[in-house]
Structure formats: C-alpha cells, structure tokens
Amino acid sequence: MNEQTTCAVGAVAVAMASLLMAGPASAEHLEGLAVATWGDHRAEGNRERNRYRHPIETLTFFGVAPNMTVAEVSPGGGWYTEILAPYLREQGKLYAAAYDPESEGEYYRNSAKRFRDKLAAHPQVYDKVELAVFEPPGKLEVAPAGSADVVLTFRNMHGWLRNDTARAAVDAMHRALKPGGVLGVVQHRGDPANPAHRTGDEGYIDENYVIGFIEAAGFELVDSSEINANPADPGDHAVGVWALPPSLELGEQDRERYLRIGESDRMTLKFVKR
C-alpha cells in the first residue's frame, strides 16, 4: 500500500468516526474525498493544513456530493480547489470564481495568473474546471444563474467587508444558487465585543454579524458546526489573523507561540437560498 493510499484510508476512518453529526455520506463519497484531500497532486505544504481545515468533515457538513454543480468563490491559491476539482471531475461540475487576469489592480492580476497557471500545469486534475471572473463590485460571475447546488467561500468575508463589496458578493452567490441551494461559509471568528471584528480589518468577524448580513440577502441559516473551531486562538493579535500560520506575518516575533496556536478559530455556517 503506497503513502497516498495509506493516508486516504486513514482519513476515511477518521472521517467515518467524526461525521455522524454532519449528515449522511456514503463510504464511497468519503473515500473519494479522502483521496482528493491526501492525493499527491496537492501543492507542497497543503496537505499539512488538513489538520487545521478539516476538509473532509467540512465538505460533508455542507453536503457536497460528487455529482453536484459547485461554485467556489474567491479560491485564492486554490487550497480547496485541489480537493474539489478531482472530487467533482467525473460526475459533477466545478466553477472557480477567481480574480480577473486583466484586472487593473496588480495584486488581483498576479493572483489570477498564479491560479490559472496552477490549473493549466495539471490538466489531469483541473481540465474540467470552469473559470469565472469574480472581482466585486464590478465583476460578479460565479456560475450561471440558478445552476449551482452548492456555493462555497472560505475565509473571504473579511476582505469583502473591508473593501465594502460584501453585499455585492453575497448577492452574486445568491443568484448563482438553485432555489434551496446551499451556501457554505468558513470565516475567521471574532469577538462580538470588538468593533474591529465587524469591519474585516483584522480578518476576524463576529459570527452573529456574518449570519445577519448573509440572511439579509435572502438566505436562511440552517446549521452551524464547530468543525473548524480553535479555542486556543484568542483572536487579539497585533496584526490580526495574519500573525497566525500560514501567514506568520510577524516573522520570528513570537513565532513559536503562533505555531502552537495553529490556524485561526473559525465559524462554519450552512445557509440555504430562500
């Protein structure tokens, strides 16, 4: 048994034990997720983040199945794309709503190029991914209107709030979903008593604020999970969430402390389109 298979089998066993509360999932689906999660197609260092991000449990909680149409909004470097693309490749459909490669902003343009280069370099994994241009407030492609079973966004709400584009972003995700479709949100969770945790400037956001904001766009919260909670994270770092791994923006300053904390405390929220 090779390393990839061993990891996949181990991940299935862990997932089976921990997913009883997350909803029904067949053994076949869990095996497919485990192989996609631990496969050797993943970029260097990304598999190590599985212990913080719990992708098998998270995607099962959101109800993602291999025959669904799924849209991932603002995929960044493609950490979750690495899992979703192979998982959905044969039976389903994945839309990746990423930045514009012709953006006027250098950061957005470079990010789009890196993401597209990543996909182009591994056609055996990503050849069926449909790219959409998502750069709110003006470019709001997610998936064809009413086509998606599930829309997912991971750690993006703070950026949209900070740039005053959150309303446009959430409305666009609503349009892409089928009636009754699922919006899955993972976001750094902040302190309700901290005013900065409603602006997005520190990366953390008050969970109740996120829920209210999204429900105002025509969604209903149907479930939440502590899958991605980290009680060791106090959420009061000098440079916000970026003090923690994987960013470690403070360099060697308190590095060991931040490594011990791990990645941020996160909310995991499941909405449906009303």
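## Nonpolar cores

In this predicted model, the largest nonpolar core comprises 34 residues. Leu59, Val64, Val70, Leu84 and Leu152 have the most contacts inside this core. At least two core residues come from each of the following elements: the helices α2 (27-38), α4 (55-61), α5 (81-88), α6 (106-121) and α7 (123-126), and the strands β2 (93-98), β5 (148-154) and β6 (177-188). The greatest contribution is that of α5, which supplies 5 residues.

## Surroundings of Leu152

When neighbours within four places in sequence are left aside, Leu152 is in contact with Leu59, Phe62, Val64, Val70, Ala71, Glu72, Val73, Leu84 and Gly184. Leu59, Val64, Val70 and Leu84 in this list are, like Leu152 itself, among the residues with the most contacts inside the largest core.

## Overall architecture

The protein contains 11 helices and 8 strands. Its radius of gyration is 18 Å, close to the 19 Å that the globule rule gives for 274 residues, so the protein is as compact as a globular protein of that length. The C-alpha trace spans about 50 × 45 × 40 Å along the principal axes.

Of contacts between residues at least 6 apart in sequence, 73% join residues at least 24 apart. Of the 274 residues, 52% count as buried.

## Surface and charge

The protein exposes about 12500 Å², of which carbon and sulfur atoms supply 50%.

## Backbone exceptions

Most residues other than glycine have a negative phi, and most peptide bonds are trans. The features below depart from this pattern.

Two proline-proline bonds are cis. One joins Pro136 and Pro137, with omega about 15°; Pro137 is located in the loop between β3 (130-135) and β4 (139-140). The other runs from Pro245 to Pro246, with omega near 10°, and Pro246 belongs to the loop between β7 (219-225) and α11 (255-261).

Positive phi values occur at Arg155, near 60°, and at Leu248, near 50°. Arg155 is found in the loop between β5 and α8 (157-162). Leu248 lies in the loop between β7 and α11, the loop that also holds Pro246. Leu248 counts as buried because its relative accessibility is 14%, and buried means under 20%.

Methods:
Residues are numbered from 1 along each chain as its sequence is written. This is a predicted model: local features need pLDDT of at least 70, side-chain atom pairs count only at pLDDT 80 or more; totals for chains, interfaces and linings use all residues. Side-chain values use heavy atoms; hydrogens and water are left out. Helices (H or I, at least four residues) and strands (E, at least two) are DSSP runs, numbered from the N terminus. The radius of gyration is taken over C-alpha atoms; the globule rule is 2.2 Å times the number of residues to the power 0.38. Buried means under 20% relative accessible area, exposed over 50%, partly exposed in between (1.4 Å probe, protein chains only). Contact means heavy atoms within 4.5 Å. Accessible areas come from the Shrake-Rupley method with a 1.4 Å probe; for residues, only the protein chains shown count as cover. A nonpolar core is a set of buried Ala, Val, Leu, Ile, Met, Phe, Trp, Tyr and Cys residues joined through side-chain atoms within 4.5 Å.
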